[in-house]
Amino acid sequence: MTESIRRSGEYENFENPYQAPYEGAQQHASAPVGSSPVNPEWPPPPAYEPVAQPAPHQPVQQSAHQQPAVEPTAVWQTQAAADGADHGGYGGNGGGTALLTPVASEPAPAGKKRARGPLALLAAVAIVAAAIGGGTAYGIQELTGKDQVVNSSTTTSVVPSSKTGDVATIAAAVSPSVVEVSATLSNGTSTGSGVIITSGGEIVTNNHVISGATSIKVSTSDGKSYTAKVVGTDSKKDLALIKLENASGLKPATLGNSDGVKVGDTVVAIGSPEGLTGTVTSGIVSALSRDVTVSTDESQSQGGQNGQGGDGNWPFQFGGQQFNGDTGTSTTTYKALQTDASLNPGNSGGALIDAGGNIIGINSAMYSAATDSSSSADAGSVGLGFAIPINTVKADLATLRAGGSDS
């Protein structure tokens, strides 16, 4: 009797040989009670409607009751596998099969390559920034064709860091940016120095070097000679800006930060004392913010070796005393750096340089032991020199380019 009922339920539908076994079980389960008993050993039907195995070359038809496709995850895969095990493998051919899809792969390597792009760009920018900070701003300036002053702080080194403080290296790096200035005066000649600040030939010097000049000649470190014209003067700061005619491709000095200078710092001076072009001396910063008083009267301009206007020393006042002659009644006072680097007549307008090769001052006054203006036999450096802080120069450049405060 039991066998007859089982066969009747199993082979009830002969017209569809591909009918899933569970469909017959569902019909028995949904039949009225008492029509046909169900074998208790028969496995219970699944909680969802199974999907029939499609015939070869036929697309799978989704049931209206089938769950929509969802993003597969490891959790769904585990659940589907468990369902298949519980239903003796039929669950694997039913609704759980749609969930057994490959897990989404990791992002393609192209994404990682794109992520490295900005990092590589930043590294390139950092390298360029380091190169400029290392003193190659002059090269960038030449490539762009801009005629601008090269500024820096005292943390920037024009010379290699391994050569910081090395006088020979500093002299080699900065000497091409220091020139000799010869001014023809009504009473003779005046010899001094200057510092190139642009590749086009702008040069900063002392006002007293070119004051009253009828013509100006400039000689560079490579022996070339140029004619220069005065752009602007500021006698209150003893500064002047001149411009070379038909000059290009010159090496401008790097202007540092005189506010960072400390007493005891190593310094190098470059100039043309007594017409000796490119003379290099060294020392330290002896003091800061010294009040130096100089003349603003053109008649007190410096005389030269062949001139009739004195022994080549520029008169100045310091500490209530006058040095190197009479400053007259028209004077001005500025704050200066004091140095024991040897300065002599002709160093005026030259460069005072820090250990990194940056210009921190424009040499402007030096004490001479000679008291007789008719003889310079006893003249010479005694370790009392003064320089205009470079920050004062930078702050005055716009005024000088506009003609100066004396115009």
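These legends describe several close-up views of one predicted protein model.

The model is predicted: local features need pLDDT of at least 70, side-chain atom pairs count only at pLDDT 80 or more, and totals for chains, interfaces and linings use all residues. Residues are numbered from 1 along each chain as its sequence is written, and side-chain values use heavy atoms, with hydrogens and water left out.

**View 1. The whole protein.**
The protein holds seven helices and 16 strands. Helices (H or I, at least four residues) and strands (E, at least two) are DSSP runs, numbered from the N terminus. Of its 407 residues, 38% count as buried. Buried means under 20% relative accessible area, exposed over 50%, and partly exposed in between (1.4 Å probe, protein chains only). The protein exposes about 21,500 Å², and carbon and sulfur atoms supply 54% of that area. Accessible areas come from the Shrake-Rupley method with a 1.4 Å probe; for residues, only the protein chains shown count as cover. Among contacts between residues at least 6 apart in sequence, 67% join residues at least 24 apart. Contact means heavy atoms within 4.5 Å.

**View 2. The barrel.**
Six strands close into a barrel in the order β2-β3-β4-β7-β6-β5, with antiparallel pairing. Neighbouring strands of this sheet are turned by 40° against each other on average, direction ignored. Axes are lines fitted to C-alpha atoms, for helices over the stretch in contact, and angles run from 0 to 180 degrees between N-to-C directions. Two strands pair if DSSP finds at least two bridges between them. Strands β5 (residues 215–219) and β6 (residues 225–234) run antiparallel and are joined by four bridges. In β6, A228 is the bridge partner of I216.

**View 3. Strand β4 and its partners.**
Strand β4 spans residues 202–205, and both of its faces are covered. E202 and V204 lie on one side, I203 and T205 on the other, and all are buried. Two bridges join β4 to β3 in the antiparallel sense. I203 of β4 is the bridge partner of I196. The hairpin of β3 and β4 has five residues between the strands, and G201 there takes a positive phi near 105°. β4 also pairs with strand β7 (residues 239–244), antiparallel over four bridges. V204 has L241 of β7 as its bridge partner.

**View 4. S190 in strand β3.**
S190 is found in strand β3, residues 188–196. S190 is buried, with a relative accessible area of 1%. The side chain of S190 reaches the backbone oxygen of V209 at 3.1 Å. A polar contact is a pair of N or O atoms within 3.5 Å; within protein, one must be able to donate a hydrogen and the other to accept it, and residues adjacent in sequence count only if both atoms are side-chain atoms.

S177 lies in the loop between α5 (167–174) and β2 (178–185). This serine is buried, at a relative accessible area of 1%. A polar atom of the S177 side chain lies 2.8 Å from the backbone oxygen of K251. The S177 side chain also reaches the backbone nitrogen of A253 at 3.5 Å. Not counting residues up to four places away in sequence, S177 touches G194, V195, I196, K251, P252 and A253.

**View 5. Helix α5 and its cover.**
The buried residues of α5 are T169, I170, A171, A173 and V174. Their cover includes β2, β9 (266–271), β10 (279–295), β14 (351–353) and β15 (359–368).
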